[in-house]
Each structure stands twice: as structure tokens, then as C-alpha cells.
Amino acid sequence: MSGCLSRLVWPLVPRTLRGRLSLVALTTAAFLMVILTVVFNTVVRQHLQRQADEALRTRAAAVATTVDTGRAGVRVLETSNDELLDTNVWIYAGPRLLERPPSAPVAGPLTRAAARLAAHGGQHCTTLGRSAGPVRLCSQAIGGTAAVVTALNLSPYRSSAATLLFASLTLDAVVLACTYVLTRLAVGRALRPVRTMTDQATQWSAVASTERFGAAEQPTELARLGVSLDALLDRIRAVLRHEQQLTGELSHELRTPLSRIIAELDWWQARPRSEADTRATHAAIADAAQSMRTICDTLLDDARDSASTAPGTAGVMPVLRLLTERLEIPGHVKVVVDVTHPGLEAGVPPALLERIVSPLLDNALRYARSHVTLVASRQPDGIRIDVTDDGPGVPHSFAGQLFQPGRRAEPGDGHGGAGLGLPLARRLARSAGGEVTYDERHAHGARFVVSLPAG
């Protein structure tokens with residue numbers, strides 16, 4: 001039953017917030033108006049009845065002045081206004097009826113009701129319903145032996161009460177209509193900033209604007225909403241920047257193994273090769289493909305949780321040796337690997353250590369004149385790997401921008417690169433609790449220092 005009722009009522013509920021708030025205000029106002037109307041008309045009816053009773057008692061007191069209850073018994077004195085006083089008046093001497101209105105027969109309902117009131121003695125009132133209109137009767141005892149009963153037609157009073165009820169209902173309808181209209185106008189005006197914020201959000205999302213809601217003057221509630229939306233927009237922008245950075249890093253890191261694959265294929269296609277050459281080419285391509293897969297897995301794992309790193313340790317010497325074998329080393333450059341402790345281990349997985357050191361070594365090979373040195377040593381707080389080259393070094397004015405994505409000291413120097421390797425190395429090292437820094441005190445060439453927890 002409740003389900004059917006809800007299905008019938010739900011389509012009647014307004015879809016807009018302004019309509020719903022207006023409906024709530026209208027319902028609340030209607031409830032209050034009904035209560036006030038009932039209370040007001042009840043008070044009016046009681047007041048009109050008291051007025052009728054007061055008029056009857058006043059008339060009975062006036063008639064009582066014409067009744068003599070002396071020793072001679074109860075008798076009615078003649079006055080100049082007998083006809084006026086005798087209208088709707090019954091006078092009793094005990095149970096005996098002395099006078100009655102000419103329009104009220106002895107056996108009529110009004111006379112019988114008057115007799116009952118006179119028999120009770122004291123002051124009593126009752127209402128008698130008739131087709132011609134309700135009649136109110138009140139009795140008043142005189143001297144303990146006589147009683148006067150007066151009657152009054154209540155039709156004028158009931159008509160006044162009905163008129164007041166109609167007027168109050170009309171006023172209620174006008175007030176409810178005004179309440180609904182004014183509520184819709186007020187709510188619409190109050191929601192205008194929300195519509196403005198909605199339009200702004202739509203526009204800003206379309207053009208990737210840096211505008212924010214907190215800069216505008218808003219009511220307190222909307223200001224708090226604006227702060228929350230600004231924080232959400234900032235997080236969305238951070239996610240987008242992270243995604244763009246991840247895409248750039250993937251393209252940068254995949255370029256080296258992809259170039260190796262292309263070079264191997266070009267070399268194999270240059271002239272007929274023996275079966276041994278073909279197997280060597282396949283092995284080189286498979287190794288480069290595996291390297292690409294490792295790069296993708298490492299970067300994607302870091303993207304999923306940049307605050308933590310998968311557990312594991314890596315032997316420093318094997319990883320550095322593997323890097324020097326995989327990278328294309330120019331013929332005029334000599335690479336020296338120096339590990340003070342052959343069993344030195346880093347507290348990161350081998351793939352991550354490779355991805356941290358690889359951009360630094362690739363950068364050193366790109367700018368070195370004659371040699372590149374890899375030195376690994378144990379430190380009190382972990383391990384340290386120095387990547388040093390004897391190239392031109394980093395301009396002092398550019399040292400502060402080294403680790404900013406997409407920045408290069410001299411973009412037209414003839415060397416490839418998108419300026420993403422160094423930022424990637426630092427970000428991966430920090431995700432493992434380490435750091436990558438540039439040693440500005442190194443005089444000849446460039447030196448980058450990798451600090452990682454020990455395994």
C-alpha cells in the first residue's frame with residue numbers, strides 16, 4: 001500500500017530545488033494557517049455565544065423588574081413597554097406559566113424548553129435547533145418562586161461567524177499564494193550564485209582555467225562549498241598533471257629501447273646475415289622489448305602509489321653492470337664502474353634502481369667528452385651512487401631548474417631529450433625514501449648523487 005502511494009505521490013514532487021523548497025514552505029504555511037483559522041473561528045463562535053447569553057440575561061433582568069413576588073403572590077406589573085418586553089419571554093410562578101410570547105404555543109417546543117429551564121431554577125441556558133434557525137434560551141430565578149425565560153434567535157450570530165470563516169479562508173488562500181510566490185522568488189534569488197558557480201565550473205572545465213570559486217564574494221554556506229570545489233579542482237588538475245607527466249616519462253624512457261630495436265632491425269636488413277647474426281639480432285630485440293616492459297611496469301606501479309614502493313632489494317653492482325651493457329656507449333667515452341663493496345645492496349627492487357640510475361647515466365653519456373664514472377658507496381644513512389661525467393657541466397643559472405619537467409639548459413645544443421629524465425629519476429627515488437641531487441661543488445663536468453636506503 002505504501003509503495004503504491006509513493007508511486008502516486010512521487011510524480012507530483014517538483015524536480016527542482018526551488019520547487020521543492022517552495023512546496024515545503026507552502027505546506028508549512030498551510031498547516032499553520034489551518035491551525036490559526038480553527039482557533040480563531042472557535043474563539044469567535046464562543047465570543048458570539050457569550051454576547052448572546054449576555055443579551056438574554058440583560059433582557060431577563062429588565063423583565064424581572066416587572067414581576068412582583070410580594071405577599072399577594074406572583075403577578076406581572078403593567079408597563080408602557082409591555083409588547084417590547086414580552087417578545088420571546090416566558091414568566092413562570094413555580095410550574096405555572098403566567099405569560100408567554102404570542103408566537104409560541106403552549107405545547108410548542110420553545111415553551112416546553114422554557115418550562116424545563118424554569119423548573120431547574122437559578123440561571124441556565126440551552127440551545128434549541130429549529131428549521132427557522134437555532135434559538136438560545138436562558139432562565140433567571142426571581143425571589144425563589146418565579147422565573148423568567150428569554151429566547152434569542154442565533155441566526156444573525158451564526159451568519160456573522162460564517163462570514164468571518166469565509167473571510168478567514170479567503171485570507172488564508174491569499175496568504176498561501178503570496179507565500180508560494182515570494183518563496184520561489186526568494187529561493188531563486190538565493191540560488192542565483194549556485195547557478196553562477198555551475199556556469200563557471202562548466203566554462204572552466206572546458207578551457208582548463210586556473211580560476212577558482214574562493215576568489216569571489218559568496219555567502220558563508222556557498223563560500224564553504226566553493227572551498228571544497230576548489231580543492232576538488234586542484235586535485236583534478238594534479239591528477240591531470242600527473243597523467244601528462246607519466247605519459248611524457250613513458251615516451252622518454254621508451255625512446256632508448258625503441259631506438260635500439262630500430263637500429264638492430266636496420267642493421268639486420270642492411271645486407272644478408274648469417275643464422276648466428278639473426279639470433280643475435282632477435283636476442284637484442286627481445287632484450288630491448290623486455291626493457292620496455294620493465295619500464296612500463298615500473299612507471300605504472302609508481303603511478304598507482306607514488307608514496308610507497310614494492311618491497312625488495314637490489315645488488316648495486318649487477319644493476320650498474322647491466323645498465324652499462326644495455327645503453328649505447330659512444331666510442332670516445334669510457335665508462336668506469338666503481339663499487340667499494342661488491343655485495344652492496346639498495347633497499348629497492350632492481351627494476352626501480354635501474355629506472356632511477358638510467359636517466360642519469362644516459363644524460364652523462366650524452367654530454368661526456370671522454371669518460372663517465374659510476375661510484376657506489378655505503379653511507380651511515382643508506383647507500384650513495386655518484387654519476388659523474390667530464391662534459392661542459394650545468395650552467396650555474398640553470399641549476400635550480402634541473403629537476404623541472406620539460407626544462408633543458410640549451411634546447412638547441414644538438415642532443416636529444418625532452419627534459420623528463422632527471423625529474424623522473426628524482427620522483428622515483430623519493431617514492432623509495434631516497435633523493436637525487438646535483439652536486440654544484442663539482443668543478444669539471446657534472447655530478448649527480450643518488451641517495452637510497454640500504455638493503
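A residue counts as buried here at under 20% relative accessible area, exposed at over 50% and partly exposed in between, using a 1.4 Å probe and protein chains only. This is a predicted model, in which local features need pLDDT of at least 70, side-chain atom pairs count only at pLDDT 80 or more, and totals for chains, interfaces and linings use all residues. Residues are numbered from 1 along each chain as its sequence is written, and side-chain values use heavy atoms, with hydrogens and water left out.

Let's start with helix α11. Helices are DSSP runs of H or I with at least four residues, numbered from the N terminus. In α11, Gly421, Leu422, Pro423, Leu424, Ala425, Arg427, Leu428, Ala429 and Ser431 are buried. That's nine of its 11 residues, so α11 is largely enclosed by the rest of the structure. After the helix comes Gly433, with a positive phi near 85°.

Now for a partner of α11. The axes of α10 (residues 350-367) and α11 (residues 421-431) come within 8 Å and cross at roughly 150°; axes are lines fitted to C-alpha atoms over the stretch in contact, with angles from 0 to 180 degrees between N-to-C directions. The two helices are therefore roughly antiparallel, a label for angles over 145 degrees. Contact means heavy atoms within 4.5 Å, and on the α10 side it involves Leu352, Arg355, Ile356, Pro359 and Leu360, which meet Gly421, Leu422, Ala425, Leu428 and Ala429 of α11. Sorted by type, the residues of this contact are eight nonpolar, one polar and one charged. Nonpolar covers Ala, Val, Leu, Ile, Met, Phe, Trp, Tyr, Cys and Pro, charged covers Asp, Glu, Lys and Arg, and the others, Gly among them, are polar.

Next up is α5 (residues 155-190). At 1.5 Å a residue, its 36 residues should span 52 Å, and the end C-alpha atoms are 51 Å apart, which agrees; the expected span is 1.5 Å times one less than the number of residues. Ala161, Ser168, Asp172, Leu176, Thr183, Val187 and Gly188 are buried in α5. Helix α2 (residues 17-64) packs with α5 at about 160°, the axes being 9 Å apart. That makes this pair roughly antiparallel too. The residues of the α2 contact with α5 divide into 20 nonpolar, 10 polar and five charged.

Finally, look at Thr111, which lies in α4 (residues 109-120). At 4% relative accessibility, Thr111 counts as buried. Leaving out residues up to four places away in sequence, Thr111 touches Trp90, Tyr92, Leu97, Ala104, Pro105 and Val106.

Note on methods. Parallel < 35°, antiparallel > 145°, perpendicular 65-115°, else oblique.
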